[in-house]
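Open your viewer and keep the sequence panel beside it. We will go from stop to stop, selecting as we go.

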Amino acid sequence: MKEVLTNPTSGYYMNRDVFGQTGDFITSPEISQMFGELIAVWLVNEWTKCGRPTPFQIAELGPGRGTLMADMLRVFSKFKIAGSDFSVSLVEVSPYLCQVQEKQLCPSQAQEATEVPQGSQHYKQSISLYGSQIRWYNHISDLPRTFTLFLAHEFFDALPIHKLVKVNQGWREVLIDLNRENLNLRYVISRDRTPACLYRLDSEKREELEVSPQSLVITQMMAARIHQDGGIGLVIDYGHEGDKTDTFRGFKNHKLHDPLVDPGTADLTADVDFAALKWAATQPRTFEDWEANLTYGTVDQKDFLTRIGINLRLEQLLASCRNVNVARNLKSAHKMLTDPMEMGSKFKFLALYPSVMKKILERYPPPGFV
Ligand code: SAH
């Protein structure tokens, strides 16, 4: 999965635009500006609850075309949050998508982009339309140490998973093998235990499951930063609460695709195990410096968006809309984002807070989650 998606030369994400009608799948920020706008308002609200610490960064993991960030920065600028108060940090491995993001977020890139100083943790930098620094990083561990609003939309579902099955002898891993007779790929069960079988399986009720060690490590890093430097995390994705078994699949031209056929030509994905992410986010690391972070959710996308005002936002946009087609698109986007039969209940929201926020959150719980 890792090779197919992010191999530096031929990885699925590395050299093409995979989103939208002409790509393989479409994501919520690409469906409507309302999505990013509402998330931005939520983040500003929660940052305010933390006492509006500055400077701070907004760090997005896997920003795709940069559409979500563009919609959010527009809202941030309306709240007069711009310039030196905060910076934008994008964690992106795809050189192609990094260019697309730069075009989207830094319209005057040619003049404004500056040389990355030697020894920097980031690999690219520029200035956004609203005057904030934007920097690109390969990995979450490279991000600057400061108060951070983390955002991950459809990021964790792209991280590699291991498939485990329970057989008579105990847990084994499902591996991918080459059938030498016809040169097709096929699934096989490992003869013995593999390192992935060391996952916490003692009280596991399922006979088959998927684990994503990389997702757990990244969640732990996010949680550690939130604990040590202050911040909030918002993870949005399709997923479950640790009860699904087999969700690994491919997508090509908006249709399901067998992951073993023509690897590299289709998106590979698996549902996010939110129960595992919550476990990773709240694990104590050392006895001294760790009081478990707080998690909220998951809640369904339709509940989150409705509670924080998507209906009102739709009304406002419709009120100022003179074009019948645009109005129709707005309504259908609203339906697609919130209808339980579409993206409304498949997508879930999870929030992470530092333990010091406990009292404040008891009094003022995060909107969207209650
Ligand atoms: N958030 C966007 C894009 C989702 S697709 C949206 O919702 O539209 C997944 C994104 O994560 C892409 O930008 C992809 O290049 C990036 N990505 C995938 N694996 C990654 C990794 N290991 N580290 C950093 N970015 C990664």
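Between which two strands is the loop that holds His254? Select His254: this residue is in the loop between strand E11 (249–252) and strand E12 (255–257). Helices (H or I, at least four residues) and strands (E, at least two) are DSSP runs, numbered from the N terminus.

Before you move on, some ground rules. This is a predicted model, where local features need pLDDT of at least 70, side-chain atom pairs count only at pLDDT 80 or more, and totals for chains, interfaces and linings use all residues. Residues are numbered from 1 along each chain as its sequence is written, and side-chain values use heavy atoms, with hydrogens and water left out.

**Stop 1**

His254 is partly exposed, because its relative accessible area is 35%. Here buried means under 20% relative accessible area, exposed means over 50%, and partly exposed is in between (1.4 Å probe, protein chains only). These areas come from the Shrake-Rupley method with a 1.4 Å probe; for residues, only the protein chains shown count as cover.

Now select Leu183. Leu183 is not a glycine, yet it has a positive phi of about 60°. Look for Leu183 in the loop between strand E7 (170–179) and E8. Leu183 counts as exposed, because its relative accessibility is 60%.

**Stop 2: cis peptide bonds**

Select Thr54 and Pro55. A cis peptide bond joins them, with omega about -5°. Pro55 lies in the loop between helix H3 (33–49) and strand E1 (56–61).

Next, select Gly297 and Thr298. The peptide bond from Gly297 to Thr298 is also cis, and omega is near 15°. Thr298 is part of strand E15 (residues 294–300).

How far apart in space are Val370 and Gly297, C-alpha to C-alpha? The two are 9.0 Å apart in space and 73 residues apart in sequence. Val370 is in the segment after helix H12 (358–363). Val370 counts as exposed, because its relative accessibility is 61%.

**Stop 3: buried residues**

Select Phe349 in strand E16 (residues 347–353). Buried or exposed, what is Phe349? Phe349 counts as buried, because its relative accessibility is 0%.

Go to Phe274, in helix H8 (residues 274–281). Phe274 is buried, with a relative accessible area of 0%.

Then pick Glu204, in the loop between strand E8 (184–189) and strand E9 (208–211). Glu204 counts as buried, because its relative accessibility is 18%. Show side chains here. The side chain of Glu204 makes a polar contact with the side chain of Arg206 (2.8 Å). A polar contact is a pair of N or O atoms within 3.5 Å; within protein, one must be able to donate a hydrogen and the other to accept it, and residues adjacent in sequence count only if both atoms are side-chain atoms.

**Stop 4: the ligand**

Select the ligand. Which residues come nearest to the ligand? Of the 19 residues around it, they are Thr27, Gly62, Gly64, Glu92 and His153. A residue is near a molecule if one of its heavy atoms lies within 4 Å of it.

Zoom in on three of these residues.

- Gly64: a backbone N or O atom is 3.0 Å from an oxygen atom of the ligand.
- Glu92: a side-chain N or O atom is 2.6 Å from an oxygen atom of the ligand.
- His153: a polar side-chain atom is 2.6 Å from an oxygen atom of the ligand.

Taken alone, the ligand exposes 570 Å², and the protein buries 95% of that.
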